[in-house]
Amino acid sequence: MIELKNISYQYQNGEQVLDDFNLTLEPGDKIGLVGPNGSGKTTLFKIIMGLLAPDEGEVIIFDQPREKEEDFIEVRERVGFMFQDSDDLLFCPTVEEDLAFGPLNLGKSKEEAKEIVQETLKLIGMEGFEKKVSYRLSGGQKRMIAFGAILAMQTEVLLLDEPFSGLDEDAIERMVGILNDTDRSYIIVSHNGELIERVTNKLYYMNE
Amino acid sequence: MININQGFAQGSSWVHQLDPRIKIITIFLLATVLAVGESIVMLLQALVFSSFLILSAKLDLKEVGKRLMVVNFFILGIWLFVPLTYPGEALFQVGPLSFSIPGVIYATKITLRSNAIMLGIIALLSTSTVSSLMQAMRYLYIPEKIVYLFFFVYRYVHVIWKEFNRLHDSMLMRGFKSETSLHSYRSYAYLIGMLIIRSYDRSRRVYEAMLCRGFRGEFHNLDELSFSSRDLKIFSGILFFISWIIIVEKGVFLV
């Protein structure tokens, strides 16, 4: 589904974060990426989503080479990317609108979107939060809603950047449960080696 | 002034239920008439009208008072200077200072005017949710860009405020004391500079996150606005009142 070939990426300050990097995600793959800070994990996700262009290498997603901005519109509709900071992801006044934002962009009707919102809230165990104001939630609640916002898009692939940080044990268990139940493929980045082993079937280490 | 907590937006009074389009039009008309109006009687009537809206909305009067304080703090400055500097017959004199009658009248008008407008805004706008106001603005053909600007300012003022507090706290934790010194000024300049850089970075990340969720430059709304017959009646009443204060202002009747 995702194929990265010989990707290199250099920051503007000259720092090389990815050098001849290769990664393949097949259907059913649940890949964990572990690596020190600054090893380019987030950069990798941004390259997959087309937010950054690699200096070298090939990005092939859903069997199509992706180079230009237009190529990535389809990618963004079929791959859900959960940002590290939930405040970047949640920008609507209420939880309901945040969860519906993706589905509405994908052309769902209002009724369908509302249904998805309900299903998602139930899935992440946060029923009754529809009308709550997003930014007044606690850090852990925000992260759960951000997770829900990505799930609500019903994409085939998920990219999760440090999804567990700031969650209490209950919420972690819920997220682990959801990830283990889903048949979607995903790539997950986390510092927590123990948790990442529980939710993945392939584990890669990235060096600096 | 942005109601950050949306605390007033919860409620079930008729003011809360009024169609947000009517609210925006009302506040626009009211503010225009009040801003150009000169008649004290008219301003007083408008103040009564705004207070009536506040009472009908059953808002926490203490909270309303707190918000009015901010405006009246500036008005205090006007009371300090305008009567002293405005030319005209003196009301009374304290030593070399003379308080002029036209100056006092002028300051009174400003006080009435701003309080009436503020009360109106609190009663009407803060009793609607931001998303419904956004939708109303779009119905009223307010340019999309302005609507989005309003929306993002609203959403991120809070985040930036928190960021400011975080940075400021970390300064205090490291023994920073605010005083009149170059070090102090420089530290504040760094703080503000950092805030701007962070806000810029955040805006980029937010936009990227929106792109990743399939955003293509168009917002979709979840709820529909509905214009009821009660809305129509109330709107007629409001229009009648605004016409009335224009008549009062124009002095068709002896004032």
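The contact, meaning heavy atoms within 4.5 Å, takes 32 residues from chain B and 36 residues from chain A. This is a predicted model, in which local features need pLDDT of at least 70 and side-chain atom pairs count only at pLDDT 80 or more, while totals for chains, interfaces and linings use all residues. Residues are numbered from 1 along each chain as its sequence is written, chains are lettered from A in the order in which they are written, and side-chain values use heavy atoms, with hydrogens and water left out.

**Interface area**
- About 3,200 Å² is buried between chain B and chain A, with carbon and sulfur atoms giving 54%; buried area is the accessible area (1.4 Å probe) that two parts lose on being put together, summed over both.
- On the side of chain B, Cys212(B), Arg213(B) and Leu222(B) lose the most area to chain A, together 29% of what that side buries.

**Salt bridges**
- Six salt bridges (a side-chain nitrogen of Lys or Arg within 4 Å of a carboxyl oxygen of Asp or Glu) are found across the interface of chain B and chain A.
- Glu77(A) forms a salt bridge with Arg216(B), where the closest N and O atoms are 2.4 Å apart.

**Helix pair in chain B**
- The axes of helix α3 (residues 40-56) and helix α9 (residues 229-250) of chain B come within 8 Å and cross at roughly 160°, the axes being lines fitted to C-alpha atoms over the stretch in contact, with angles running from 0 to 180 degrees between N-to-C directions.
- α3(B) and α9(B) are therefore roughly antiparallel to each other, a term for angles over 145 degrees.

Technical notes. Helix = DSSP H or I, 4+ residues; strand = E, 2+ residues; numbered from the N terminus. Parallel < 35°, antiparallel > 145°, perpendicular 65-115°, else oblique.
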